[in-house]
Amino acid sequence: MAGRAFFEHHCQEAKDVNELANIIQEKFKELSIGIVRFEEVDLDNMTFTLTVDEDLDCSGLPDTEEQICVYDEGLIKGILEAFTGKKFSVKEIDCWCMGERTCRFKADMVGK
C-alpha cells in the first residue's frame, strides 16, 4: 500500500520507465529514504535490479546475518505495480545487515 501511495503522490507524471526511475531516485533522496541506482533494466522481460544506499531501514546497523529490508521490497513492488498495472515480485538479494555495503533488490514481473 505504501508503494502505491508513493506512486500516486510522486510518480503519476512518469510517462516511461526512465522518467519513473528519475523520479524514484529524486524522491527517495529528497525524503531521506535512500540513494537509489538502477543497475539493470530489462524492458523486454520487465526485470529490474536496483540498489538503495544509505537505506533508511538498515544502513549503519550491525551485521545481523539477516535481510531486514522487507518494507523496501513492498515499497518498490507497489510503485512498479502501480506504474505498470502488472504484478511484480521484489526480493532483496544483498543487504547491509548481511555484510554488504548496499541493499540490492531484484524485481521481476510475475506471469510474463
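The model is predicted, so local features were required to have pLDDT of at least 70 and side-chain atom pairs were counted only at pLDDT 80 or more, whereas totals for chains, interfaces and linings use all residues. Residues are numbered from 1 along each chain as its sequence is written, and side-chain values use heavy atoms, with hydrogens and water left out.

Six salt bridges were found in a search of the whole structure, a salt bridge being a side-chain nitrogen of Lys or Arg within 4 Å of a carboxyl oxygen of Asp or Glu. Side chains of opposite charge can pair when their charged atoms come close. Arg37, Glu39, Asp94 and Arg104 are linked in a network of such bridges.

Burial was assigned from relative accessible area (buried under 20%, exposed over 50%, partly exposed in between; 1.4 Å probe, protein chains only). Asp94 and Arg104 are both buried, the value for Arg104 being 19%. Glu39, at 29%, counts as partly exposed.

Thr49, in strand E2, is buried with a relative accessible area of 5%. Leaving aside neighbours within four places in sequence, the contacts of Thr49 (heavy atoms within 4.5 Å) include Arg37, Glu39 and Arg104 of the network, together with Phe38, Glu40, Phe105 and Lys106. Thr49 and Met98 are 49 residues apart in sequence, and their C-alpha atoms are 18 Å apart in space.

A further salt bridge joins the side chains of Lys77 and Glu81, with an N to O distance of 3.2 Å. Being four residues apart in helix H3, the two residues are separated by about one helical turn. Helix H3 comprises residues 70-84. Lys77 is partly exposed at 32% relative accessibility, whereas Glu81 is buried at 6%. Not counting residues up to four places away in sequence, Glu81 touches Arg4, Lys86, Lys87 and Phe88.

On the surface, Glu13, Asp16, Glu19 and Glu26 gather in a patch of negative charge. Patches of this kind consist of residues with over 30% relative accessible area and no salt bridge, like charges being joined within 9 Å. Glu13 is found in the loop between helix H1 (2-10) and helix H2 (17-30), and is partly exposed at 47% relative accessibility.

Most residues other than glycine have a negative phi. Ser32, however, has a positive phi near 60 degrees, and for Met46 phi is positive at about 50 degrees. Ser32 is placed in the loop between H2 and strand E1 (35-42) and is exposed, with a relative accessible area of 51%. Met46 is found in the loop between E1 and strand E2 (47-53) and is buried, with a relative accessible area of 15%.

Key: Patch = residues over 30% accessible without salt bridge, like charges linked within 9 Å, V, L, I, M, F, W, Y side chains within 5 Å. Areas by Shrake-Rupley, 256 points an atom, 1.4 Å probe, with all protein chains shown as cover. Lys, Arg positive; Asp, Glu negative; His and termini not counted. Charge placed at Lys NZ, Arg CZ, Asp CG, Glu CD.
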